[in-house]
Amino acid sequence: MGKSFKYGVLYTIVNGQDGRGLDNGNRTGPGQLPYMWPHEPRTPNHLWYIKHVEGDFFKIVSQHGMALDGGADRPYLWSEHEGGHNHQWRFQEVGPKRYLIVNRMNNKVLDVAHNAENPHLTVATHQSPHFEWIVRKDSTKIGFKHEKVYTISNASDGRGIDNGNRARNGELPYMWPTDPRSANHQWHLKHVEGDFYKIVSHQGLALDGGAHKPYLWNEHEGGANHQWRFVPLGDKRFQLINRMNNKALDAHGSNEPFLADPHNAHHQQWIVRKV
């Protein structure tokens, strides 16, 4: 095997000829095209999971759960759970951290010749830097501690997610000026797997993303709806993406948090601080 990529770790994928990064464009719907953009290692659009399938083959998956699909002349994004060999890629090492990325279905390589806006697939008949990709591990660390509590404040207005001292299933949290001394603003961030966490109040109620507005529910009675991906944006800021529906936690103009399609506005950014 040319490379053993680590589960749950994010990587950037940069073209060896022009230094542009493979950018998922924050796409959340199937059939959309990734594109090439000047490399920005701290932006979520340039971060990918490289998930082992078998042997030398891996899936290349965005933080929204969209896999790079090589089933056409230009690779597109598709739900990672709905693909076969078209979603699988071999990383053929050609130098330190440099690879040909070869689709399993058609044996074509990922390419961006002639400064194309979007990557495409081609048969590699010769060696060229535009066939080569530099793959580097993202250095951003999350590492929330299970035994600690955290406040989660919206970056646009500083209000925190307040559990309202709720003790019953189905009740809604709300937004309130952050008070780290208040138990209502203190949350346990419990690791599930990879970069997914549960957000749990001191009463044992988890933030449930299974509806338009997240509600509180017994933490032991939920699945993907209770799990949130913390997408690092730098300076203790994160985008919070629900695992079940790939929606982002938002608080724009509302007294209660709600779920919306992900984008990069401040009201979808959350500052997480240890108490």
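Start by selecting Pro 30, in the loop between strand 2 (20-23) and strand 3 (35-38). Strands here are DSSP runs of E, at least two residues, numbered from the N terminus. The model is predicted: local features need pLDDT of at least 70, side-chain atom pairs count only at pLDDT 80 or more, and totals for chains, interfaces and linings use all residues. Residues are numbered from 1 along each chain as its sequence is written, and side-chain values use heavy atoms, with hydrogens and water left out.

Stay on Pro 30 and show its surroundings. Beyond neighbours within four places in sequence, Pro 30 contacts Met 66, Leu 77 and Trp 78; contact means heavy atoms within 4.5 Å. Pro 30 and His 120 are 90 residues apart in sequence, and their C-alpha atoms are 17 Å apart.

Next, Asn 107. Find it in the loop between strand 9 (98-103) and strand 10 (109-111). Its phi is positive, about 60°, though Asn 107 is not a glycine. Most residues other than glycine have a negative phi.

Move to Asn 165, in the loop between strand 14 (159-162) and strand 15 (174-177). Asn 165 also has a positive phi of about 60° and is not a glycine. Its relative accessible area is 47%, so Asn 165 is partly exposed. Partly exposed lies between buried (under 20%) and exposed (over 50%), using a 1.4 Å probe and protein chains only.

Finish with Lys 6, in the segment before strand 1 (10-15). Lys 6 counts as partly exposed because its relative accessibility is 49%. Select Lys 97, Arg 136 and Lys 137 too: with Lys 6, they form a positive surface patch. Like charges are joined within 9 Å.

Key:
Patch = residues over 30% accessible without salt bridge, like charges linked within 9 Å, V, L, I, M, F, W, Y side chains within 5 Å. Areas by Shrake-Rupley, 256 points an atom, 1.4 Å probe, with all protein chains shown as cover. Salt bridge = Lys/Arg side-chain N within 4 Å of Asp/Glu carboxyl O. Lys, Arg positive; Asp, Glu negative; His and termini not counted. Charge placed at Lys NZ, Arg CZ, Asp CG, Glu CD. Helix = DSSP H or I, 4+ residues; strand = E, 2+ residues; numbered from the N terminus.
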